[in-house]
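User: I am new to this structure and would like to understand the terms used for it. Could you take me through them with care?

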Amino acid sequence: MNTEIQGKSYPQTAPYAVGREKVREFARAVFSTNPLSDNVEAARAAGHADLVAPPTFPVVIQELTLQQLLADPSAGIDFTRVVHGNQQFTYTRSVIAGDELRATLTVTSVKTLGAHSMVTSETQIVDADDLHVVTAISTLVVRGDE
C-alpha cells in the first residue's frame, strides 16, 4: 500500500443517470418501505420532483470512484485484502430520480497500523449544474500479511 497517494484526486466520473427503477431496486435491496422511494405520486405530494433515493443510494455512484482508486497501480491496493471499514454521507439535498450525477474522489488519509493500512476517501457528488448533492466518505481497511 502506497501511503503517498494521500491527497490524490481522480478524474470526475461520467454522468450517472438516476432512474426510477434503480431507485426502486435499491430501496427493495435495503428493505426500505418509504413510499417516497417507490410511488411517484407520493413523492410529488411531498414536494419532490420524482422518486427520492434512499439515504445510502449514493454508494452506487461512489463505487464508480472507488473502482478508480482500486484500479490505480500506484495505490498498491490488493482488492482481495480489502474490508470496508466505515461509510458516511453528508447531504446538501436528496438524490432524486432524473438526476445526472458525477463524482470525484480524493484520498484524504492513509494510515498504517502494523501490517494493515486504512485508506479514507471523500467523494464529492454533484448534479448536472455542478451543484453539490452529497459527500460520501469511505474508509477501506487493507489487510497486510498475516
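User: Which residue stands opposite Ile137 in β5?

Analyst: Glu122 stands opposite Ile137 in β5. This is a predicted model, in which local features need pLDDT of at least 70 and side-chain atom pairs count only at pLDDT 80 or more, while totals for chains, interfaces and linings use all residues. Residues are numbered from 1 along each chain as its sequence is written, and side-chain values use heavy atoms, with hydrogens and water left out.

User: What makes β4 and β5 a pair?

Analyst: Strands are DSSP runs of E with at least two residues, and helices are runs of H or I with at least four, both numbered from the N terminus. Two strands pair if DSSP finds at least two bridges between them; β4 and β5 have 10 bridges, in the antiparallel sense, and therefore they count as a pair. By that rule β1 and β3, which run antiparallel, also pair, because two bridges join them. Ala17 stands opposite Glu100 in β3.

User: Why are β1 and β2 called edge strands?

Analyst: The open sheet has five strands in the order β1-β3-β4-β5-β2, with antiparallel pairing. β1 and β2 each pair on one side only, and these are the edge strands.

User: How do you know that α3 packs on the sheet?

Analyst: Contact means heavy atoms within 4.5 Å, and α3 touches β1, β2, β3, β4 and β5. The direction of α3 makes about 55° with that of β3, where axes are lines fitted to C-alpha atoms, for helices over the stretch in contact, and angles run from 0 to 180 degrees between N-to-C directions.

User: What span is expected of α3, and what does it reach?

Analyst: The expected span is 1.5 Å times one less than the number of residues. Helix α3 has 13 residues and reaches 18 Å from its first C-alpha to its last, close to the 18 Å expected.

User: What makes a set of residues a nonpolar core?

Analyst: Such a core is a set of buried Ala, Val, Leu, Ile, Met, Phe, Trp, Tyr and Cys residues joined through side-chain atoms within 4.5 Å. The largest one has 16 residues, and Val23 and Phe57 are among those that touch the most other members. Apart from this core lies another, of 13 residues, including Ala75 and Leu105.

Terms used: Buried means under 20% relative accessible area, exposed over 50%, partly exposed in between (1.4 Å probe, protein chains only).
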